[in-house]
Amino acid sequence: MFPNSILGRPPFTPNHQQHNNFFTLSPTVYSHQQLIDAQFNFQNADLSRAVSLQQLTYGNVSPIQTSASPLFRGRKLSDEKNLPLDGKRQRFHSPHQEPTVVNQIVPLSGERRYSMPPLFHTHYVPDIVRCVPPFREIAFLEPREITLPEAKDKLSQQILELFETCQQQISDLKKKELCRTQLQREIQLLFPQSRLFLVGSSLNGFGTRSSDGDLCLVVKEEPCFFQVNQKTEARHILTLVHKHFCTRLSGYIERPQLIRAKVPIVKFRDKVSCVEFDLNVNNIVGIRNTFLLRTYAYLENRVRPLVLVIKKWASHHQINDASRGTLSSYSLVLMVLHYLQTLPEPILPSLQKIYPESFSPAIQLHLVHQAPCNVPPYLSKNESNLGDLLLGFLKYYATEFDWNSQMISVREAKAIPRPDGIEWRNKYICVEEPFDGTNTARAVHEKQKFDMIKDQFLKSWHRLKNKRDLNSILPVRAAVLKR
């Protein structure tokens with residue numbers, strides 16, 4: 001426990017720990033023969049055995065009841081011609097469907113509260129076709145209400161309003177989770193013991209309404225997952241998945257692409273939710289850091305608004321795109337957390353130091369989701385408002401941080417000397433991944449891009465310091481429209 005934390009009973013009982021099967025995987029090692037079997041499964045998948053799922057309602061479309069589920073079939077149902085035009089693309093069916101909450105973006109005046117949302121609200125039909133059950137409702141993640149910080153100045157008020165307008169809604173998360181559930185069932189036709197995880201900003205608390213969905217396909221349980229070769233085995237697995245998407249799911253998935261990068265992915269767009277997804281294989285560290293960041297996100301009430309506005313700022317100034325040699329969103333979030341840890345009066349601690357048992361790199365996957373529930377809120381003596389923290393963040397990286405000799409470490413809650421390894425030598429920006437120790441900012445490999453990043457920090461700091469208006473560094477109206 002923190003010495004200055006709010007004590008209280010955890011929002012779950014021991015029974016939830018005993019009976020919950022969230023993230024449970026069966027130990028599996030995929031041999032060459034099993035990969036051949038997966039290809040055979042792809043060629044002989046019997047989709048008619050699939051059971052119907054709950055229906056997802058988008059907007060004002062009415063629920064549609066049919067006798068069978070299309071389950072991502074690429075062809076129309078025989079009786080589809082009798083259905084309303086605006087409802088033909090519905091794919092989830094359940095007699096207990098509750099309407100999806102939509103168009104609730106900005107809370108009513110005076111209701112400046114937000115909660116750690118339960119990951120998923122829906123009840124799922126048990127999977128009687130595949131060997132591994134789908135995710136169940138997470139009863140132990142009851143909402144923990146956190147009062148938003150007060151905004152007594154114009155700049156802080158602008159930050160809060162931008163956060164409330166652009167933050168990911170539960171309805172957004174629900175759409176991504178329903179798609180994940182359906183895709184997991186489809187992929188299990190190829191790899192029966194595999195599991196599909198939603199990771200990244202969609203789940204870590206720092207997502208926006210326009211955030212893409214990141215998916216991690218786990219085909220090997222620990223400790224065997226380290227044996228996956230991303231250049232050969234992962235590519236072969238994703239090739240089968242890509243073929244499955246193109247042939248059997250073309251009615252609901254568009255633009256599937258196999259990207260043969262260092263870590264290969266399948267990119268695609270779900271036509272129903274209109275969400276873009278990236279799917280990788282066995283990137284286990286991505287699952288771990290999702291829940292570490294989720295814990296930080298809800299640990300202190302200034303963290304999420306500050307991170308969101310900084311991501312918007314970086315995107316506006318074109319320094320938030322690892323594919324173009326600048327900073328990834330993950331690196332930016334770690335930079336914000338590091339700054340909040342290194343203030344004279346810290347706003348955040350190092351969770352990995354205080355709770356090593358909850359954030360150990362060796363903890364089994366089916367336990368990682370419990371960490372956000374085991375950590376109570378953190379009470380900092382630092383009373384800086386959001387405007388001052390944004391200004392301090394820009395100043396810290398513009399004038400104080402030593403880029404040449406220091407590494408950003410959230411794990412240590414301080415700037416530490418750069419290691420002498422090849423991954424850190426001659427790198428412009430060094431941000432330590434909290435679990436595997438790699439450099440998350442390795443994409444910044446050109447001096448021109450590095451100078452552009454530093455220049456934006458310096459210019460934005462001067463502008464914001466002089467005007468104390470968020471519009472001086474980030475057009476708020478444009479950021480809101482982009483969501």
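Is Tyr397 buried or exposed? At 1% relative accessibility, Tyr397 is buried. Keep in mind that this is a predicted model.

Tyr397 has a ring partner, Phe393. Their ring centres are 5.2 Å apart. Their planes meet at 70 degrees, so the pair is edge-to-face. The cut-off for that label is over 60 degrees.

Where do Phe393 and Tyr397 lie? Both are in helix α12, which covers residues 386–400. They are 4 residues apart, or about one turn of the helix. Phe393 is buried too, because its relative accessible area is 0% and buried means under 20%.

## A pair across the sequence

Trp403 and Phe450 also form an edge-to-face pair. Here the centres are 5.9 Å apart, with 75 degrees between the planes. Trp403 lies in the loop between α12 and β8 (406–409), while Phe450 lies in helix α13 (residues 447–467), so this pair ties together parts that are 47 residues apart in sequence. Both Trp403 and Phe450 are buried.

## A charge over a ring

Which residue lies over the face of Trp461? The answer is Lys465, at 4.1 Å from the ring centre. That is within the 6 Å limit for a charge over a ring.

How values were computed:
Residues are numbered from 1 along each chain as its sequence is written. This is a predicted model: local features need pLDDT of at least 70, side-chain atom pairs count only at pLDDT 80 or more; totals for chains, interfaces and linings use all residues. Side-chain values use heavy atoms; hydrogens and water are left out. Rings of Phe, Tyr and Trp (its six-membered ring) pair if their centres lie within 6.5 Å; planes under 30 degrees apart count as stacked, over 60 as edge-to-face and the rest as tilted. Helices (H or I, at least four residues) and strands (E, at least two) are DSSP runs, numbered from the N terminus. Buried means under 20% relative accessible area, exposed over 50%, partly exposed in between (1.4 Å probe, protein chains only). A charge sits over a ring if NZ of Lys or CZ of Arg is within 6 Å of the ring centre and within 35 degrees of the ring normal.
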